[in-house]
Amino acid sequence: MKLVHDELLAAGADVFYLDHHDIFNCEIEYSYSAERGETCVLRNNDRTLDLKAVKAAYLRPYDFRDYKQVADKPSDDPVMLKAAGFEMHLIAYFDASDAMVVNRSKPSATNNSKPFQLSLIKQAGFKIPETLITNDAEQAREFLDRHHDVVFKSISGQRSIVEQVAATHREFLEDVKWCSTLFQKVVPGNNYRVHVLKDEIFAVRIESDKLDYRYGNTTMVAEQLPSDIAERCRKLAADLGLLFAGIDLMRSPDDEWYCFEVNPSPGYSCFQENSGLAISTALARMLTAA
């Protein structure tokens with residue numbers, strides 16, 4: 001947020017920044033009359049914003065239940081209800097707004113179901129690793145015996161550390177009956193993270209000493225994608241309805257391209273800072289163009 005905020009200010013844009021931590025001090029007032037039409041006003045402490053005047057919005061909501069203001073409070077606490085109501089109405093407003101929104105809730109929701117998103121990735125022309133989603137321990141054992149090198153992860157949008165199934169994990173396979181789990185055959189090769197902003201492509205090749213490069217000693221190098229792969233990434237983001245997307249790819253030793261996931265609210269800062277790619281500049285340019 002700070003990266004794109006600084007770029008917007010440098011470009012002279014008229015910006016209203018709302019810190020999500022301040023959600024407990026926010027209100028939305030909506031009204032309609034035959035004489036004045038509709039009004040929709042956001043109030044944050046002593047600041048006021050006419051939402052109908054907003055031409056572009058970049059939304060990155062977090063889970064406000066993690067904030068200290070509501071620590072240990074029940075879900076029906078008035079502070080919780082007020083925050084939930086504000087967030088629901090704000091997102092609903094932008095879902096229905098004529099503004100350019102990065103990104104609306106409907107296309108973003110595909111990331112909440114890995115099985116559904118994998119099917120859309122495949123339709124876009126990318127290969128996906130051989131995958132099993134199951135809550136049956138025997139099916140999981142058969143998959144592991146057939147492929148040997150297998151990773152497991154969450155099937156939802158909840159972040160999980162991607163790990164390779166080890167002998168110690170096999171001791172707990174019966175636990176999948178409580179939570180359907182996604183198993184995938186390991187694909188060797190180089191990881192790529194591709195950020196798509198409409199037609200612009202920013203690709204980073206990643207090398208790491210960990211299977212999940214987010215948690216290892218990792219290097220990132222800006223790299224140009226083959227034209228057909230770049231076009232496939234544009235098509236995938238467009239098919240999902242995302243103006244800004246972070247696409248996770250793997251390039252195998254035999255030059256096959258696999259896609260693991262499409263992030264609808266990508267945390268791009270570490271990729272920008274480690275590769276030198278001006279992703280925040282492109283994002284600010286896209287917002288101001290609207």
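**Close-up 1. Gln-117 in helix 4.** Gln-117 sits in helix 4, which runs over residues 114-123; helices here are DSSP runs of H or I with at least four residues, strands are runs of E with at least two, and both are numbered from the N terminus. This is a predicted model, where local features need pLDDT of at least 70, side-chain atom pairs count only at pLDDT 80 or more, and totals for chains, interfaces and linings use all residues. Residues are numbered from 1 along each chain as its sequence is written, and side-chain values use heavy atoms, with hydrogens and water left out. Is Gln-117 buried or exposed? Gln-117 is buried, at a relative accessible area of 2% (buried is under 20% relative accessible area, exposed is over 50%, partly exposed is in between, with a 1.4 Å probe and protein chains only). Its side chain makes a polar contact with the side chain of Thr-110, at 3.5 Å. A polar contact is a pair of N or O atoms within 3.5 Å; within protein, one must be able to donate a hydrogen and the other to accept it, and residues adjacent in sequence count only if both atoms are side-chain atoms. Not counting residues up to four places away in sequence, Gln-117 touches Thr-110, Asn-111, Glu-261 and Val-262 (contact means heavy atoms within 4.5 Å).

Close-up 2. The buried residues in helix 4 are Lys-114, Gln-117, Leu-118, Leu-120 and Ile-121. They cover an arc of only 160° around the axis, so they end up on the same side of helix 4; the arc is taken over the directions from the helix axis to the C-beta atoms. An α-helix has 3.6 residues a turn, so residues three or four places apart point the same way. What covers these buried residues includes strand 6 (131-134), strand 9 (181-185), helix 7 (227-240) and strand 14 (257-263). On the face turned away from the buried side, helix 4 carries the exposed residues Lys-122 and Gln-123. Just after helix 4, Gly-125 takes a positive phi of about 105°.

Close-up 3. At the N-terminal end, Asp-136 caps helix 5, with a side-chain oxygen 2.8 Å from the backbone nitrogen of Glu-138. Within helix 5 (residues 137-147), Ala-137, Ala-140, Phe-143, Leu-144 and His-147 are buried. Look down the axis and these buried residues fall within an arc of 120°, so they line one face of helix 5. They pack against strand 6, strand 7 (150-153), helix 6 (167-170) and strand 9. Just after helix 5, His-148 takes a positive phi of about 65°.

**Close-up 4. A cis peptide bond and Ser-108.** Going from Val-102 to Asn-103, the peptide bond is cis, with omega near -10°. Asn-103 lies in the loop between strand 5 (100-102) and helix 3. Ser-108 belongs to helix 3 itself, residues 105-108, and is buried, with a relative accessible area of 19%. Leaving aside neighbours within four places in sequence, Ser-108 is in contact with Asn-103, Leu-242 and Pro-264.

**Close-up 5. Positive phi in two loops.** Most residues other than glycine have a negative phi, and most peptide bonds are trans. Lys-198 is not a glycine, yet has a positive phi of about 55°. Lys-198 is in the loop between strand 10 (190-197) and strand 11 (200-208), and counts as partly exposed at 45% relative accessibility. Asp-255, in the loop between strand 13 (244-251) and strand 14, also isn't a glycine and has a positive phi, near 65°. Its relative accessible area is 43%, which makes Asp-255 partly exposed.

**Close-up 6. The second largest pocket.** The volume of the second largest pocket is about 990 Å³. On a 1 Å grid over the protein atoms alone, a pocket is an open set of points where a 1.4 Å probe fits, with protein on both sides within 12 Å along at least five of seven lines, and lining residues have an atom within 4 Å of a point. Grid points are joined across faces, edges and corners, and the volume is the space filled by probe spheres set on the points. The lining has 36 residues, with Phe-16, Tyr-17, Leu-18, Ala-57 and Tyr-58 nearest the centre. Two or more lining residues come from each of helix 1 (2-10), strand 4 (56-58), helix 2 (78-96) and helix 9 (279-289). Helix 2 gives the most, with 5 residues.
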